[in-house]
Amino acid sequence: MHVEHLLGDTSLGLRLLWAEDTLLRREISGVTVTDLEDPARFVRPGEVVLSGLVWWSPDGGSGKAERFVSALKDAGAAALLAGEETHGNVPDDLVEACVRHRVPVAGVPAHIMFRSITDTVYLRQWGGLSRHHALPENTRVRLSRLLAQEAGPDAVLAAAFAHLGGTAAYVFTPSGRTVAATSGAAAVPAREAVALVAEESGVTASVDAGGVSAYERWLLYLPDPDGAPPRMLQEVAAVLARCQEAGARRPSAGSRAADGLGALLAAPGEREDAAVEAALRRCGLPETGPYQVLVVDATVRPPEAPQPGVGEVPLAEGALAEVAGHLVETGGAAGAERDGDADGGEGTPVAAAVVGRLPDGCAFAVLSSGVADDWADGWAHQVWPLVAECAPGVVLHGGIGVPAARPEGLGGALAQARYALTSARSTAPGASRFIDAGSLTTLDALLTGVPADVRAAYSRRVLGPLLESDRPAIAALLSTLETFLACDGSWARTAQALHLHVNTVHYRAERIERLTGRDLSRLSDRLDLWAALMCR
């Protein structure tokens, strides 16, 4: 695109004030917007310079205009486009300086936005053979400033794509959580986001940041494959990587507060309400419930190679932080400052979350909301499969307690969540599983939360010699006991099921009672034996 092409665009209404024909045929390499009195550092050869002339003043004499235009000449600027809004017109001394230094100059009407000009230049360039162009220099400067200010991904993404007008761009996590989106971009449910990235319906650039788990890494996604040049996407992805790394390197005061809360809740015995409330305040959580507690652990499934994130950050904390990121609507909690939408739903009632580590190494999260309902359980079950699929070589086990109405109930909620975690481990040792403590409504389900060693010891103590299954006579007794209890203690139905005479069943029952010391006519003893059978 040449200078004359830009000036000839009637939609912009640029008013040429001075130029020579040979200068109008100069090719434009980019656009820089500046209001610095000395812009030399930020202007590259062939760029058009847009200035609102804020730096110019009538009492500055011709010296300011001379220095400004001289800097443009030395930098090799293709032309100066001077805004007329600030002063009502382009000052004469500025035009005269452009004539002396042979820098084409045009006025920009007050109603024309500078963004319209940058859009025209870059869209025209990318429409041809210039797909290799990267970010405009002024955009790079803006992004560098945002990184220095520790701005979040929303601000970085908005600045990176501002010069493209209505281009839709997203930052997703592998589980489909929307970390950031450009203004006006339609909301994308988590499951749909995962499908879009997998189907390659648009264009995706990986954000390769260090210090984050496989569950939390970012993906830059554009629905329109031609929405931006590939080189620009890679450059924006690199900026986002620095943004994410900066967040991971920030002081870990929030993490320490979260770990302190976990240690307090996990400690045996009574805890003072004031201590729990103070710990909640340090974590940025409200002092009024209800709360929900989640616990997660992670193991690498052998003989898989280490997954992304293994050895960099704790996998369990990364996975749980991602689950919490889906559940938290507005973030703001220490240790888990993440925004997100669980699955595209509206009005997720989760207000804040804190993620930390328990003394035994498991990751835990405390989530707060404004309603006492099973909201976290429902949302977590929707999110859990999406998170678990992010690292197929890692087995995730999770548990969730029933809601705690007040801070003093958090210790019990944590104990329930840990019990549910143990149940998830025992019922699915080789697969990712998430269990709600409230779903353990049968004796069989309840016993899955008892540690395996405890279950085995209980079974050996109660059943004793009946576990010697290598002896046929003993194996027959064990089978009779199982059938008798399954038939609700009915002698006739047991005999029928085993194809035995009822007297034989009575004889075997007497032997079982002598070997175990239990009375099969008593309900409590029957329950002990039934539980021991399930604990084998």
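Predicted model: local features only at pLDDT ≥ 70, side-chain atom pairs only at ≥ 80, totals over all residues.
Colleague: How many helices and strands does the protein have?
Modeller: Both kinds of element are DSSP runs numbered from the N terminus, with helices being H or I over at least four residues and strands being E over at least two. On that basis, the protein comes to 20 helices and 14 strands.

Colleague: What share of the residues count as buried?
Modeller: Buried means under 20% relative accessible area, exposed means over 50%, and partly exposed is in between, using a 1.4 Å probe and protein chains only. Of the 536 residues of the protein, the buried share is 49%.

Colleague: And among contacts between residues at least 6 apart in sequence, what share join residues at least 24 apart?
Modeller: A contact here means heavy atoms within 4.5 Å. For the protein, the share is 67%.

Colleague: In the open sheet of 5 strands, what is the strand order?
Modeller: Two strands pair if DSSP finds at least two bridges between them. The pairing in this open sheet is mixed, and the order is β1-β5-β4-β3-β2.

Colleague: Which strands stand at the edges?
Modeller: Look for strands with a single partner, so that one side of each is left without a neighbour in the sheet. That picks out β1 (15–18) and β2 (30–33).

Colleague: What does the twist average from one strand to the next?
Modeller: Axes are lines fitted to C-alpha atoms, for helices over the stretch in contact, and angles run from 0 to 180 degrees between N-to-C directions. In this sheet, the twist averages 25 degrees.

Colleague: What is the bridge partner of Arg15 in β5?
Modeller: β1 pairs with strand β5 (residues 105–108) in the antiparallel sense, over 3 bridges. In β5, the partner of Arg15 is Gly107.

Colleague: Is strand β9 (residues 218–222) largely enclosed or left open?
Modeller: Trp218, Leu220 and Leu222 are buried on one side, and Leu219 and Tyr221 are buried on the other, so both faces are covered. Because 5 of the 5 residues of β9 are buried, the strand is largely enclosed.

Colleague: Which residue of β9 is the bridge partner of Tyr170?
Modeller: Strand β6 (residues 170–172) pairs with β9 in the antiparallel sense over 3 bridges. Strand β8 (residues 203–207) also pairs with β9 in the antiparallel sense, over 5 bridges, and there Thr204 stands opposite Tyr221. For Tyr170, the bridge partner in β9 is Tyr221.

Colleague: How do α17 and α18 lie, oblique or roughly parallel?
Modeller: The axes of helix α17 (residues 472–486) and helix α18 (residues 491–498) come within 9 Å and cross at roughly 130 degrees. Angles under 35 degrees count as roughly parallel, over 145 as roughly antiparallel, 65 to 115 as roughly perpendicular and the rest as oblique. That makes α17, relative to α18, oblique.

Colleague: Which residues of α18 does α17 meet?
Modeller: The α17 side of the contact consists of Ser479, Thr480, Thr483, Phe484 and Ala486. On the α18 side, the residues are Trp491, Arg493, Thr494, Ala497 and Leu498.

Colleague: Which residues does His101 touch, not counting those up to four places away in sequence?
Modeller: His101 lies in helix α4, and at 18% relative accessibility it counts as buried. Other buried residues of α4 (residues 92–101) include Asp93, Leu94 and Val95. The residues that His101 touches are Glu66, Val69, Ser70 and Lys73.

Colleague: What is the relative accessible area of Arg102?
Modeller: Arg102 lies in the loop between α4 and β5, and has a positive phi of about 55 degrees although it is not a glycine. Most residues other than glycine have a negative phi. Arg102 is partly exposed, with a relative accessible area of 36%.

Technical notes
Residues numbered from 1 in each chain as written. Heavy atoms only, no water.
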